[in-house]
Amino acid sequence: MNRIIKKVAVLGSGVMGSRIACHFANIGVEVLLLDMAPKELLPEESAKGLTLESPVVRGRIVQGALQAALKSNPSPIYRAAFAKRITTGTFEDDMSKIAQCDWTIEVVVERLDIKKMIFDQVEKYRRPGSLVSSNTSGIPIGSMAEGRSEDFQKHFCGTHFFNPPRYLKLLEIIPTPITSPEVISFLHDYGQRYLGKTTVLCKDTPAFIANRIGVYSIQALFHLVNELGLTVEDVDKLTGPVLGRPKSATFRTCDVVGLDTLVHVAHGVHTHCPSDEARATFEIPTYVTTMVENKWLGDKTKQGFYKKTKNEKGETEILSLDLITCEYKAQKKSKFATLESTKNIDQLNKRLPVLYQGTDKAGEFYKRSFSGLFAYVSNRIPEISDTVYSIDDAMKAGFGWQLGPYESWDLIGIEQGIKDAESNGHSVAQWVKDMLSKGHSAFYKIENGRKYYYDPTSQSYVQIPAPYHMIVLSQMPASSIVWTNGACTVRDLGDGILCCSWQTKMNTIGGEVIQGLNKAIDLAETSYKGLVLYNEGDNFSAGANVGMIFMLAADQEYEELDMAVRAFQNTVMRMRYSSIPVVGAPHNMALGGGCEINLHVDKVVAHAELYMGLVEFGVGVIPGGAGTKEFALRCSDEFKDGDIKLNTFRNRFLTIGQAKVSTSAYEAFDLGYLRPGIDEVIVSRELQLSRAKEACLEMANTGYTQPPMRKDITVLGQEALGIVYVGANSMKSGHYISEHDQLISEKLGFVLAGGDLSGPTQVSEKYLLDLERKTFLELCMQRKSLERMQSLVTTGKILRN
């Protein structure tokens, strides 16, 4: 059937329910969010003469939960206006409205009896054929379906979102034996295509996949730290970004999630998995029990493994817990020779084997923790999943690991992993040893641009299923590479479309990237139809290489700096005025130069999670890669007869002057970085490149014509400059900005206004580019700007001088 989701009911408005509702609203779905009506009046309600029947009282719980979610940071909503897609109500008054919904999701408290009561009502009112699911994190899915009608059971399964639903990509789908295959297939595709999730099919086992493996990993570390004499800060240093995992690492993550939540899952596995060979690992260590008894549960109780306090000077200080004495102490910086040896290894797949082979305490920690993890995941097949990639996908999407357990094992070497696991008292599943004996030395392999996994059942490699139109650069065959240098790669995506990507630290833009971009345009104009700009990795681009700019400015290499800036400007202008369509596909950070590139493409296909902005003001300069010019141009295009033009100018000025960064692609429209009617948003990161290619091909096939350079840009001259100078001086006098910030503000305003012109004047792009570049270079030579750049390069922090 052609199933379409137009309206969703979310039953339960707690932390998860309200945020699931927000994420459906994010993608344009109408949402009905229900919760129970209060049983008692609050004192302030009684004082107002309200009763339990008053609408404002009946909706207090659900409305309060939704508003708390909308005010939370990070925000669960892409754009504030999207919250209007959510209608609230109560179970008692509005449950009948689920008859209008295509999907009903239960997100009430984790008690089977209460869930069954809710499903009694759902059974009564739902429309036959509509989907029903539970967001439970541990209650057996089958037990909730017992006694229901055949239609209910066919359309029922578990859909386990991870918190926060907007940001964590994992969606575990847990069918029952009776769930219709059509429903499973639909939810798998819908989760990926519409919700932007990594959808993973799970078996109905305790904690499903991600929490079963993730909590095992954390519990194993809980037991290991004291054996190795490691501190809380040691473990978080060893298990954070250096390992390709979130900055919160292990203990900080426990504080964020809540220690009680972790203990609940661990107890559940320990109780319900009596045959788990690592059952003892799920026993709670003494110091964790003490913390739970003391209500040291993490952020929710203001202290956990870390505690924020004030020192004698009144300064904020974060203490860490001594796991032996259970007393808080000042943190000590962790240093390990193994970590020092990997400082210059940027690629995780090359860094991990070095970490694992370390000969100090850090190396021992990695060997023992990874070997235990390898053994554990091997024994979970086929218990919790039939496929290795499902376990890896779950850990990457649910816990933020860049490498799943089996991917990590491939890098260490399967034989080495078995040897170390057994030497540490762990037993590796027989199927892994059988795989090796048959000459298969890896869990994964890539052939002809397709990724395959080892299947223990067939004892052969099977292609990982993926949408036929999904493109993964790292899996494309070497024959697809048209050109490459040390930083940039140009690939043929097929159908006449090229892709230019770069692989620098944080995908910053330096000379080799500029060379690659120009080469890609040359090739596309000569032999292809169009060009897509897309990067793998965590970010599209953190901007221009500030270190290079700082060195040139510090050495007073004015001419070389001028050439570098001119080269950047010329490159983005080539994109704008090439004979072929150019499409940008940014994700996560697209800052500074990364933003300026996307300001000059013909179309942007932006991932919904886009943090885009012109942030140069923070390092003491203005956008110098045609970004300031482009804002002047867009400001001119927004001028309308009868409008007060200075208001439009002010908005554009403040966006750059306050270094505003979007918190989503939709907010990038509000800030003027993306263009309504031209640029678009896609929620699925996996499908972003294929959509960008498709958009590029559409423009090429419908007759793309090279646009003429603009000479009709209206700038306001002295009319705008007066406002800028008065405002900057007022801010400086009020001690809101520094003297140097005042200077940058005035320089920015000078360029946006088109210089010291007597009145509104039409100018060309070239005029504004020259003015922008001259101003950028002048600011680069300022001592205060140099100090800010040096601070960013050496410490990663922006100096406020």
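Author: Start with a term. A charge sits over a ring if NZ of Lys or CZ of Arg is within 6 Å of the ring centre and within 35 degrees of the ring normal. This is a predicted model.

Reader: OK. Where does the charged end of R148 sit?

Author: Over the ring of F152. The distance to the ring centre is 5.8 Å.

Reader: And what does R380 lie over?

Author: The face of Y376. R380 is 4.3 Å from that ring centre.

Reader: Let's stay with rings. How many aromatic pairs does the structure hold?

Author: There are 34 of them. Take F649 and F653 as a case: their ring centres are 6.4 Å apart and their planes meet at 15°, so this pair is stacked.

Reader: Why does 15° make the pair stacked?

Author: Planes under 30 degrees apart count as stacked. The F649 and F653 planes are at 15°, so the pair qualifies.

Reader: Which helix do F649 and F653 lie in?

Author: Both are in helix 27, residues 645–657. They are 4 residues apart, about one turn of the helix.

Reader: Which residues form an aromatic cluster?

Author: One cluster is made of Y356, F370, F374, Y406, W409, W431, F443, Y454 and Y461.

Reader: Zoom out. How many helices and strands are in the protein chain?

Author: It has 33 helices and 25 strands. The radius of gyration is 29 Å, close to the 28 Å that the globule rule gives for 801 residues, so the chain is as compact as a globular protein of that length.

Reader: What box do the C-alpha atoms fill?

Author: Roughly 80 × 70 × 65 Å, along the principal axes.

Reader: What share of the residues counts as buried?

Author: Of the 801 residues, 54%. The accessible surface comes to about 34,400 Å². Carbon and sulfur atoms hold 52% of that surface.

Reader: What about contacts between residues 24 or more positions apart?

Author: They make up 69% of the chain's contacts with a separation of 6 or more.

Reader: New topic. Where is R675?

Author: In the loop between helix 28 (665–670) and strand 23 (680–682).

Reader: Is R675 buried or exposed?

Author: R675 is buried, with a relative accessible area of 16%.

Reader: What is R675 in contact with?

Author: Leave aside neighbours within four places in sequence. Then R675 is in contact with V601, D602, K603, V604, R634 and F669.

Reader: Now strand 16. How many of its residues are buried?

Author: 5 of 7, so to speak of the strand as a whole: residues 488–494 are mostly covered.

Reader: How do strand 15 and strand 16 run?

Author: Antiparallel, joined by 3 bridges. Strand 15 covers residues 481–484. T484 has T489 of strand 16 as its bridge partner. The two strands form a hairpin with 3 residues between them.

Reader: And how many bridges pair strand 16 with strand 17?

Author: They pair over 6 bridges, in the antiparallel sense. Strand 17 is residues 497–502. R491 stands opposite C499 there.

Reader: What sits between strand 16 and strand 17?

Author: 2 residues, in a hairpin. D495 in the turn has a positive phi of about 60°.

Definitions and conventions: Residues are numbered from 1 along each chain as its sequence is written. This is a predicted model: local features need pLDDT of at least 70, side-chain atom pairs count only at pLDDT 80 or more; totals for chains, interfaces and linings use all residues. Side-chain values use heavy atoms; hydrogens and water are left out. Rings of Phe, Tyr and Trp (its six-membered ring) pair if their centres lie within 6.5 Å; planes under 30 degrees apart count as stacked, over 60 as edge-to-face and the rest as tilted. The radius of gyration is taken over C-alpha atoms; the globule rule is 2.2 Å times the number of residues to the power 0.38. Buried means under 20% relative accessible area, exposed over 50%, partly exposed in between (1.4 Å probe, protein chains only). Contact means heavy atoms within 4.5 Å. Accessible areas come from the Shrake-Rupley method with a 1.4 Å probe; for residues, only the protein chains shown count as cover. Two strands pair if DSSP finds at least two bridges between them.
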